[in-house]
Amino acid sequence: MEIYIEYVVIDNMAINSLLLWSAALTARIKVKWWKIMLAAAVGTGLACVMPFIAVSSLLLAGIKILIAPLLTFLAYSPVNVKKLVWSTLIFTAYTFVLGGIILAFIYMGVNMTLEKAAVYYSSSIPIGAYLTGLAAFGFLIFKLNEFIKSEKRLRQNIKKTVFTIDGKEITADGFIDSGNTLFADELPVCFVSNKKLITQLKNEIASATVNGEKIISGEYMTVAGSSAFYGIQKEIQVGEKIEKAVLTVSKAETSRYDIILNAVFMEENYENN
C-alpha cells in the first residue's frame with residue numbers, strides 16, 4: 001500500500017477547514033480565514049506526524065483528544081471559555097458526523113476493508129467519495145444553521161402574554177409577528193392559535209353575540225385569499241406593555257405559541273410611539 005503525502009495534506013486541510021468553519025458558524029463565532037487556515041495547517045501537520053510517534057496507544061489517544069481544543073483555540077481566540085468549550089464540542093461532534101457521511105459514500109461506491117478500526121488512504125478509494133461526502137456535509141451544516149437562525153428569531157419574538165377569556169386570566173406564550181399589521185376599529189388584531197384557547201374564545205364570542213355585546217369583524221388577506229374574522233375587545237399585556245386589542249381566532253392552530261400578537265407589540269414600535 002502506498003500513501004501519498006500530498007493526498008494526506010490536501011485531505012486534512014480541506015476537512016479541518018470545513019469542520020472549523022462549520023463549528024464557528026453554529027457557535028456564532030466571528031472568525032478570520034487566516035486563523036482557520038493556520039489551525040487547519042497545524043491539524044494537518046499533526047496528522048502527518050502522529051503515525052510516526054512511538055508511544056502507547058493510551059497516550060496516543062490522549063494526544064488526539066487534545067487536538068480538538070488546540071485547533072479551536074488557534075482558530076477562534078480570543079473568545080470566552082464558555083464559547084471555546086461549546087465550539088470544541090461542536091467541532092468534535094461534526095468530526096464524527098463528517099466521518100460517518102464519508103464512510104457511507106465510500107461503502108456505497110467501493111468494496112474496502114477496515115483494519116484496526118481505521119480507514120487508510122489508498123488509490124482504491126475514489127476521490128468522488130470524499131468530495132460527495134464534503135458536499136453533503138456542507139449542505140447539512142447550511143440547513144442546520146438556517147434552522148438555528150430561524151428558531152433563534154422565533155424565540156426572540158415569543159413573549160409572556162396575559163389576557164382574559166371568559167373572565168379567566170390566561171398567561172400564554174405570545175409570538176410577535178412583524179407581518180401582522182391588521183387593525184379593526186382602530187385596534188390591533190391578535191389571533192389565538194392554541195387549540196384549547198381557541199375553543200374557549202369561540203365560546204366567549206358566541207355568548208357575546210347572544211347577549212348583544214359588540215363583536216368586531218373584518219377581513220384580511222392570506223395566500224389562499226380573503227378571510228373574515230370576528231373578535232372581541234380585550235386588554236392584552238405583553239411584558240410591561242398593555243394594549244387594547246381585538247382578540248380573534250386563528251385559522252391555523254399551532255403548539256409552538258398560544259397567540260399571534262400584532263406588530264404594535266414590538267419594542268421598536270413602543271420606542272417610536
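**Notes on the predicted model**

1. The accessible surface of the protein is about 16700 Å², and 61% of that surface belongs to carbon and sulfur atoms; such areas come from the Shrake-Rupley method with a 1.4 Å probe, and for residues only the protein chains shown count as cover. The model is a predicted one, in which local features need pLDDT of at least 70 and side-chain atom pairs count only at pLDDT 80 or more, while totals for chains, interfaces and linings use all residues. Residues are numbered from 1 along each chain as its sequence is written, and side-chain values use heavy atoms, with hydrogens and water left out.

2. The secondary structure comes to seven helices and eight strands, where helices (H or I, at least four residues) and strands (E, at least two) are DSSP runs numbered from the N terminus. Of the 273 residues in the protein, 39% are buried, with buried meaning under 20% relative accessible area, exposed over 50%, and partly exposed in between (1.4 Å probe, protein chains only). Among contacts (heavy atoms within 4.5 Å) between residues at least 6 apart in sequence, 67% join residues at least 24 apart.

3. The largest nonpolar core has 25 residues, and those with the most contacts inside it are Leu 19, Leu 20, Tyr 76, Phe 91, Leu 98 and Phe 137. Two or more residues of this core are given by each of helix 1 (5-27), helix 2 (33-49), helix 3 (57-76), helix 4 (81-109) and helix 5 (127-156), with the largest share, seven residues, coming from helix 1. A nonpolar core is here a set of buried Ala, Val, Leu, Ile, Met, Phe, Trp, Tyr and Cys residues joined through side-chain atoms within 4.5 Å. Tyr 76, when residues up to four places away in sequence are not counted, touches Leu 20, Ala 23, Ala 24, Ile 29, Val 31, Ile 36 and Ser 87. There is also a second, separate core of 24 residues, which includes Ala 172, Ile 176, Ile 236 and Leu 247.

4. Helix 2 has 17 residues and reaches 24 Å from its first C-alpha to its last, close to the 24 Å expected at 1.5 Å a residue, the expected span being 1.5 Å times one less than the number of residues. Its buried residues include Lys 35, Ile 36, Ala 39, Ala 40, Gly 43, Thr 44 and Cys 48. An α-helix has 3.6 residues a turn, so residues three or four places apart point the same way.

5. Which residues form a nonpolar patch on the surface? They are Val 81, Val 85, Trp 86 and Leu 89, with about 430 Å² of accessible area together; patches are made of residues with over 30% relative accessible area and no salt bridge, like charges being joined within 9 Å and nonpolar side chains (Val, Leu, Ile, Met, Phe, Trp, Tyr) within 5 Å. Val 85 is found in helix 4 and is partly exposed, at a relative accessible area of 45%.

6. The structure holds two salt bridges, each defined as a side-chain nitrogen of Lys or Arg within 4 Å of a carboxyl oxygen of Asp or Glu. In one, the closest N and O atoms of Lys 214 and Asp 185 are 3.0 Å apart. Lys 214 lies in the loop between helix 6 (195-210) and strand 5 (216-222) and Asp 185 in the loop between strand 3 (183-184) and strand 4 (187-192), so this pair ties together parts 29 residues apart in sequence. Lys 214 is exposed at 59% relative accessible area, whereas Asp 185 is partly exposed at 46%.

7. Glu 204 forms a salt bridge with Lys 234, with 2.7 Å between the closest N and O atoms. This pair links distant parts of the chain, 30 residues apart, as Glu 204 is in helix 6 and Lys 234 in strand 6 (residues 225-238). Glu 204 counts as buried at 14% relative accessibility, and Lys 234 counts as buried at 9%.

8. Val 189, in strand 4, is buried with a relative accessible area of 0%. Its C-alpha atom is separated by 4.6 Å from that of Val 246, a residue 57 places away along the chain.

9. Some backbone geometry deserves a check. A cis peptide bond, with omega about 0°, joins Ser 77 and Pro 78, and Pro 78 is found in the loop between helix 3 and helix 4. Asp 166, although not a glycine, has a positive phi of about 55°, and lies in the loop between strand 1 (158-165) and strand 2 (168-176). Asp 185 has a positive phi of about 55° and is not a glycine. Most residues other than glycine have a negative phi, and most peptide bonds are trans.
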